[in-house]
Amino acid sequence: WSNSEKFVVKDYTGGVNAAIFGDSVAHGGGAVSYSPRALEYAYATYIDFPIVNLSKSGDTVKTSLQRFTSDVLPFHPKNLIISTGTNCLRDASILVDDVIDDYKKIERLCRENNIRPIFLTLMPINPPNIKYIFRNDTDPGWHEKLVTINEFLRSREFVIDIEPYFYDGAGMMNSELCIDGIHPDIKGKMLIGELINLNKDLFIK
């Protein structure tokens with residue numbers, strides 16, 4: 001059992017200026033064992049303007065798309081950081097054309113609901129680290145997927161390019177920023193927040 005705690009649920013019925021919509025990279029967690037409750041592992045913590053985190057661990061682009069109406073629209077965000085897709089790199093059964101098609105559908109839903117879609121490019125992953133920590137294999141074609149997806153994302157009207165800052169010398173996710181190969185740790189989350197702050201002019205009010 002645990003002692004009860006009080007909390008206050010904010011009223012967002014009037015809408016918010018900015019929200020994050022993503023997977024576990026955006027949701028929080030890292031350094032293998034910390035959960036999203038440890039806010040130092042959520043990059044939203046390091047964004048220097050108010051933002052609501054609507055992310056969900058385990059999401060692919062398709063499952064993000066499926067929950068867009070229920071999870072995003074009630075908050076009426078003016079700006080939406082779209083930070084999903086990392087799990088698509090890992091899974092060999094997920095085809096890159098389907099990923100891009102689902103991104104387009106999310107973007108279209110944003111436009112239809114007067115939301116500015118701001119895409120984050122995907123970071124590299126580190127398959128040996130993923131195998132060691134999670135005992136899971138990674139799609140051998142993950143890097144080719146990454147290149148194709150990020151080429152598409154960079155073609156969108158609003159994009160923040162975080163990919164180049166996370167590589168090691170072998171062309172994978174830098175272990176100094178991400179121990180488990182997929183979820184950046186505190187230094188990595190701080191870096192994502194800093195890169196978003198450098199592009200704060202994208203976030204109209």
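Predicted model: local features only at pLDDT ≥ 70, side-chain atom pairs only at ≥ 80, totals over all residues.
**Close-up views of rings and cores**

View 1. Residues are numbered from 1 along each chain as its sequence is written, and side-chain values use heavy atoms, with hydrogens and water left out.

**View 2. Here are the aromatic pairs, five in the structure (Phe, Tyr or six-membered Trp rings with centres within 6.5 Å)**. In Phe49 and Phe203 the ring centres sit 4.8 Å apart with planes at 50°, so this pair is tilted (planes under 30 degrees apart are stacked, over 60 edge-to-face, the rest tilted). Elsewhere, Tyr103, Phe119 and Phe152 make up one aromatic cluster.

**View 3. Two arginines lie over ring faces: Arg90 over Phe134 and Arg135 over Tyr132.** Arg90 is 5.7 Å from the ring centre of Phe134, and Arg135 is 5.7 Å from that of Tyr132. To count, CZ of Arg (or NZ of Lys) must be within 6 Å of the ring centre and within 35 degrees of the ring normal.

**View 4. The largest nonpolar core has 31 residues**. Such a core joins buried Ala, Val, Leu, Ile, Met, Phe, Trp, Tyr and Cys residues through side-chain atoms within 4.5 Å. Phe68, Leu80, Tyr103 and Ile106 touch the most other members. A second, separate core of 26 residues includes Ala26, Ile81, Ile196 and Phe203.

Methods:
Buried < 20%, exposed > 50% of the residue type's maximum accessible area, 1.4 Å probe, protein only.
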